[in-house]
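Please open the model in a viewer and follow the selections below in order. Each stop names what to select and then describes what is found there.

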Amino acid sequence: MKLYFSPGACSLSPHIVSREAGIVLDLVQVDNREKKTKAGEDFWNINGKGQVPVLEIDNGQRLTEGPVIVQYLADQKPASGLVPAPGSIERYRVQEWLNFVTSELHKTYGPIFRQTTPDEFKKLSKENLGKRFDWLDRQLAGKAYLMGDKFTIADAYLFTVLRWAPRIDIDLGKWPVLKAYVDRVAARPKVQEAMKAEGLLQ
Ligand SMILES: N[C@@H](CCC(=O)N[C@@H](CS)C(=O)NCC(=O)O)C(=O)O
């Protein structure tokens, strides 16, 4: 399988999941500004939405949307325990987290990163993120990971978007539980591997 990724972008989440699951993927780096792969392919032909991540599965089909890709990958290796069984209430809990991360966190960052967004909008978006972080800090109190003791695909995604906070001048130190959570996930050997492979760590 092939993963189209851009270093440090939301594609880091399926990248982490693949390594945690023991799935070896071919990594195809995409320049998200130029919309070209490293080999010079037009990325618009790979994904008409022009966004990473894209997972090309072995029959040539392409899957997009990070929260779906991570479930697909983890379902290939159910013994990894990265996602609860389909149909179980725990699976819906993980999906509840994935949906929260995608709609309440991930998509709030986008306009803050964009140079053309008016400052007032950026300020409001940062305040909204701060409110979500207040809530998350309480949810994670006394837990190692979102689902308890076990690292799941939802943690790979949450970690990926929390990593962006310093880039928009949000200091996670204001939320000690959240900060400890990010450090805990960052210390996982497979997470380190993925970050090194993307050039995010020495
Ligand atoms: N709904 C998509 C969003 C993916 C997304 O926002 N990708 C960003 C990187 S984090 C991207 O490729 N942005 C480039 C662009 O939109 O031009 C998903 O959840 O996978």
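Select helix H1 (residues 12-21) together with helix H8 (residues 189-197): the two pack at about 130°, with axes 9 Å apart. Helices here are DSSP runs of H or I of at least four residues, numbered from the N terminus; axes are lines fitted to C-alpha atoms over the stretch in contact, and angles run from 0 to 180 degrees between N-to-C directions. Next, display the side chains in contact (heavy atoms within 4.5 Å): H1 contributes Leu12, His15, Ile16, Arg19 and Glu20, and H8 contributes Lys190, Val191, Glu193, Ala194, Met195 and Ala197.

The model is predicted: local features need pLDDT of at least 70, side-chain atom pairs count only at pLDDT 80 or more, and totals for chains, interfaces and linings use all residues. Residues are numbered from 1 along each chain as its sequence is written, and side-chain values use heavy atoms, without hydrogens and water.

Remain on H8 and select Val191, Ala194 and Met195, which are buried, that is, under 20% relative accessible area with a 1.4 Å probe, protein chains only. The buried residues of H8 pack against H1, H6 and H7. Just after H8, Gly199 has a positive phi of about 75°.

Proceed to helix H5 (residues 119-139), which has 21 residues. Its buried residues include Leu129, Phe133 and Leu136. Packed against the buried residues of H5 are helix H4 (89-113), helix H6 (153-162) and helix H7 (176-186). Finally, select Glu120, Lys131 and Arg138, exposed residues (over 50% relative accessible area) on the face of H5 turned away from its buried side.

Note on methods
Expected span 1.5 Å × (residues − 1).
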